[in-house]
Amino acid sequence: MGDTPPVNEHEALDGARQADPEFLAELQTALHDLMPDLRLVDRGLVLGAESQEAGSMGEEMPEPSIGDLLVDWVAVDPRGRLNLVVWLGSDRSQLPAEPVDMALEILHRSRRQWPFILRHLGPQGVRAESEPRLILVATHFTEATVRKLAVLGSDRVGLLEVHEIRTDSGASHHLVHRWPLQGEGEPGGPDAFLLHLHQELRPLAQSLLQRLQRVDERLVLLGSGAELLEWSLGNQPVCWLEQGQGGLQGRTGNGAVTSLVDGPTADAFLEDVLRRYFEVVEADEEEDDADKTSLVSQGMGLVLSEDELNAFL
């Protein structure tokens, strides 16, 4: 930092946000291209200093002020883990602190304010028991910075670098993993899930995947990875398949968890999935009925034609 005067953290990061909205939009697209499993749920999360934190569950998240740190994008990965994505800006001299210090401070504040963050985000599929991961984005990270942050482990921090391609027609940008490095040629989605699963459980998991595909063509594989697969219907979580120390597990959107070890347990899990599926469908139908406005004259029984109805839309 040298003789650079101290910079207000809020002003520095907010300045980077306001400086070039088009560039930030390009970064968001690049983030989706690099990590399509991340589901964006919010932007501009304010992490206040400890002296400004809410003191009880009844208080709201603090308003931005001096000492705040801002998270540019808030996303959820297939494991239900919250990912806090921060763009550090292209001018390293304007950073509020050494990236290592700032990373530790963001993780510390997110842990302290965790109950308020969960309440603010609402039902977005975030697992409360999973600690958030910080993803820092910069034009370059020094070897020393990577070495220090790597101590936190890949479950707590990730580093992405912005690379530029420039021609006479202009410049475009894309993101690459700085740390941890992602192996090239590795399968993704359900294939990666099956590959990392214990061999004895693969036939059972493969059967479940095939049966889940037949539930409803609108059932979307929203997030996928080596440890977890997530399905949703109409932006509502329906079910997950997850692997861990306990083997293969199934979880539905209403919280029911089933250990999947054989055919009967798989059948029980699918019954839970179908119950959850019908809950989501019925809720959508009720919401649609509540939003409908009647264009029928109750006195004369006149119903508008499709062309007449389109004229009102």
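Modeller: Let us begin with accessibility in this predicted model.

Biologist: Is Tyr277 buried or exposed?

Modeller: Tyr277 has a relative accessibility of 10%. Buried means under 20%, so Tyr277 counts as buried.

Biologist: How is a pair of aromatic rings described?

Modeller: One gives the distance of the centres and the angle of the planes. Two aromatic pairs are counted here. Tyr277 and Phe278 form an aromatic pair with 5.1 Å from centre to centre and 65 degrees between the planes. Planes over 60 degrees apart count as edge-to-face, so this pair of Tyr277 and Phe278 is edge-to-face.

Biologist: Which charged end sits over the ring of Trp240?

Modeller: That of Arg251, at 4.1 Å from the ring centre.

Biologist: Where is His173 placed, and which side chain does the side chain of His173 join in a polar contact?

Modeller: His173 belongs to strand β6, residues 170-179. The side chains of His173 and Glu164 are joined by a polar contact of 3.0 Å. Beyond its neighbours within four places in sequence, His173 also touches other residues, including Phe23, Glu26 and Val162.

Biologist: How do the axes of helices α3 and α4 cross?

Modeller: The axes of α3 (residues 99-112) and α4 (residues 114-121) come within 4 Å and cross at roughly 75 degrees. Therefore α3 is roughly perpendicular to α4. Where the two helices meet, α3 contributes Ser110, Arg111 and Arg112, while α4 contributes Trp114, Pro115, Phe116 and Ile117.

How values were computed:
Residues numbered from 1 in each chain as written. Predicted model: local features only at pLDDT ≥ 70, side-chain atom pairs only at ≥ 80, totals over all residues. Heavy atoms only, no water. Phe/Tyr/Trp six-rings, centres within 6.5 Å; stacked < 30°, edge-to-face > 60°. Buried < 20%, exposed > 50% of the residue type's maximum accessible area, 1.4 Å probe, protein only. Lys NZ or Arg CZ within 6 Å of the ring centre and 35° of its normal. Polar contact = N/O pair within 3.5 Å; in protein donor to acceptor, adjacent residues only side chain to side chain. Contact = heavy atoms within 4.5 Å. Axes fitted to C-alpha atoms, helices over the stretch in contact; angles between N-to-C directions. Parallel < 35°, antiparallel > 145°, perpendicular 65-115°, else oblique.
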